[in-house]
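Subject: Structure handover and notes

Dear colleague,

I am passing on the structure we spoke about, and below it you will find my notes on what was found. Please read them with the structure open beside you.

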Amino acid sequence: MLEVTGLTARYGRAQILNGVSLDLKGHEVVALLGRNGAGKTTTMKCIMGLLETKTGEIRYDGQSLMKLPPHMICRAGLGYVPEERRIFPDLTVEENLEVGQRPAREDAPEWSREHLFELFPNLAERRSNLGKQLSGGEQQMLTIARTLMGNPKAVLLDEPSEGIAPVIVEQMARVIAELKSEGLSVLLSEQNLHFARAVSDRAIIIEKGAVVYEGGFDELDANPEISQQYLAV
Ligand SMILES: Nc1ncnc2c1ncn2[C@@H]1O[C@H](COP(=O)(O)OP(=O)(O)O)[C@@H](O)[C@H]1O
Ligand SMILES: [Mg+2]
């Protein structure tokens with residue numbers, strides 16, 4: 001469904017991605033692992049059309065995304081939750097969700113505010129609070145919920161567990177499982193191997209802008225030197 005082939009990217013003269021190839025199928029959760037600075041965020045930015053200095057190919061549902069602007073990539077069915085939480089601090093939780101609303105797609109589940117409040121009970125309790133009154137974890141939940149209001153078919157989550165309380169990380173795992181069972185695909189960037197293993201079907205590890213491992217978690221467990229070499233464990 002999403003297929004990245006030989007992706008390179010640079011910031012100015014600095015070459016950051018050196019030919020990343022990966023794919024995400026329907027109904028699949030894939031963890032994109034790698035140390036800080038490995039190129040996870042850059043890969044996601046390229047997929048979402050947020051970085052133009054890229055070569056290679058990115059195809060989604062048979063269409064090339066290489067020359068499309070971000071809003072067209074969203075319209076094609078990809079949702080993106082960036083590392084930095086982007087909520088509107090002076091809008092309420094409900095208003096933040098309204099802002100994310102987009103028309104439903106035939107090939108993806110349609111999310112309503114009420115459905116999302118079932119999935120994120122914390123947000124339901126705080127529906128009339130302003131964005132800035134939420135904790136970091138709740139803001140992260142709100143960013144995910146707002147992205148879902150766009151009715152995507154696949155979502156890119158950039159380090160969703162980073163810097164949030166363990167109880168919220170647990171909820172996050174539940175949410176990702178629910179997204180999968182609703183039929184979405186998820187590409188999840190993570191440094192937390194434990195969390196990634198709990199929610200993902202398979203793993204892709206990148207290092208210095210190139211894929212160095214692709215496979216299951218069982219294989220990773222059986223070869224601890226891989227994690228030791230490429231992940232901060
Ligand atoms: N805006 C930028 N300008 C220049 N270099 C950047 C910029 N953003 C990231 N980098 C560099 O690109 C590399 C990959 O970063 P990034 O994709 O954010 O890694 P990760 O998400 O895996 O931590 C790092 O060496 C980082 O310093
Ligand atoms: Mg990152």
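Leaving aside the neighbours within four places in sequence, Leu-188 is in contact with Val-29, Val-30, Ala-31 and Leu-32, with Leu-157 and Pro-160, and with Ala-196, Val-199 and Ser-200. Leu-188 also belongs to the largest nonpolar core, which has 62 residues, and together with Ala-145, Leu-156 and Val-186 it touches the most other members of that core. As background, nonpolar side chains in soluble globular proteins tend to be buried together. Please keep in mind throughout that this is a predicted model.

The six-stranded sheet

One open sheet has six strands in the order β6-β7-β8-β3-β9-β10, and its pairing is mixed. At the edges stand β6 (78-81) and β10 (210-215), each with a single partner strand, so one side of each is left without a neighbour in the sheet. On average, and with direction ignored, neighbouring strands of this sheet are turned by 20° against each other. Helix α1 packs on the sheet, where it touches β3 (29-33), β6, β7 (154-158), β8 (185-190) and β9, and its direction makes about 150° with that of β7. Helix α7, residues 166-181, lies across β3, β7 and β8 and runs at about 150° to β8.

Val-81 lies in strand β6, and it counts as buried because 23 C-beta neighbours lie inside 10 Å, where 20 or more are needed. Not counting residues up to four places away in sequence, Val-81 touches Thr-143, Ile-144, Thr-147, Val-155, Leu-156, Leu-157, Asp-158 and Pro-160. The C-alpha atoms of Val-81 and Val-169, which are 88 residues apart along the chain, are separated by 15 Å.

Gly-215 is partly exposed, with 13 other C-beta atoms within 10 Å. With residues up to four places away in sequence not counted, Gly-215 touches Arg-202 and Ala-203. Between the C-alpha atoms of Gly-215 and Asn-18, which are 197 residues apart along the chain, the separation is 20 Å.

The four-stranded sheet

A further open sheet has four strands in the order β2-β1-β4-β5, with antiparallel pairing, and its edge strands are β2 and β5 (63-64), each of which pairs on one side only. Helix α1 packs on this sheet as well, touching β1, β2 and β4, and its direction makes about 110° with that of β1.

Going through the pairs in turn, strand β1 (residues 2-11) is joined by eight bridges to strand β2 (residues 14-24), and these two run antiparallel. Within that pair, Leu-7 stands opposite Val-20 in β2. The hairpin of β1 and β2 has two residues between the strands, and in it Gly-12 takes a positive phi near 60°. β1 also pairs with strand β4 (residues 54-60), in the antiparallel sense and over six bridges, with Thr-55 in β4 as the bridge partner of Thr-8. Finally, two bridges join β4 to β5, which run antiparallel, and the bridge partner of Arg-59 is Ser-64 in β5.

Helix α1 is mostly covered, since eight of its eight residues are buried; they are Lys-40, Thr-41, Thr-42, Thr-43, Met-44, Lys-45, Cys-46 and Ile-47. Just after α1, Gly-49 takes a positive phi of about 75°.

Which residues are around ligand 1? They are Tyr-11, Ala-14, Ile-16, Gly-34, Asn-36, Gly-37, Ala-38, Gly-39, Lys-40, Thr-41 and Thr-42. The elements that give two or more residues to this shell are β2 and α1 (40-47), and the largest share, three residues, comes from α1. By type, the residues of the shell divide into four nonpolar, six polar and one charged.

With best wishes

Notes:
Residues are numbered from 1 along each chain as its sequence is written. Chains are lettered from A and ligands numbered from 1 in the order in which they are written. This is a predicted model: local features need pLDDT of at least 70, side-chain atom pairs count only at pLDDT 80 or more; totals for chains, interfaces and linings use all residues. Two strands pair if DSSP finds at least two bridges between them. A residue is near a molecule or strand if its C-beta atom, placed from the backbone, lies within 6 Å of it. Ala, Val, Leu, Ile, Met, Phe, Trp, Tyr, Cys and Pro count as nonpolar, Asp, Glu, Lys and Arg as charged, and the others, Gly among them, as polar. Axes are lines fitted to C-alpha atoms, for helices over the stretch in contact, and angles run from 0 to 180 degrees between N-to-C directions. Two residues are in contact if their C-beta atoms, placed from the backbone, lie within 7 Å. A residue is buried if 20 or more other C-beta atoms lie within 10 Å of its own, exposed if 12 or fewer, and partly exposed in between; C-beta atoms are placed from the backbone. A nonpolar core is a set of buried Ala, Val, Leu, Ile, Met, Phe, Trp, Tyr and Cys residues joined through C-beta atoms within 7 Å.
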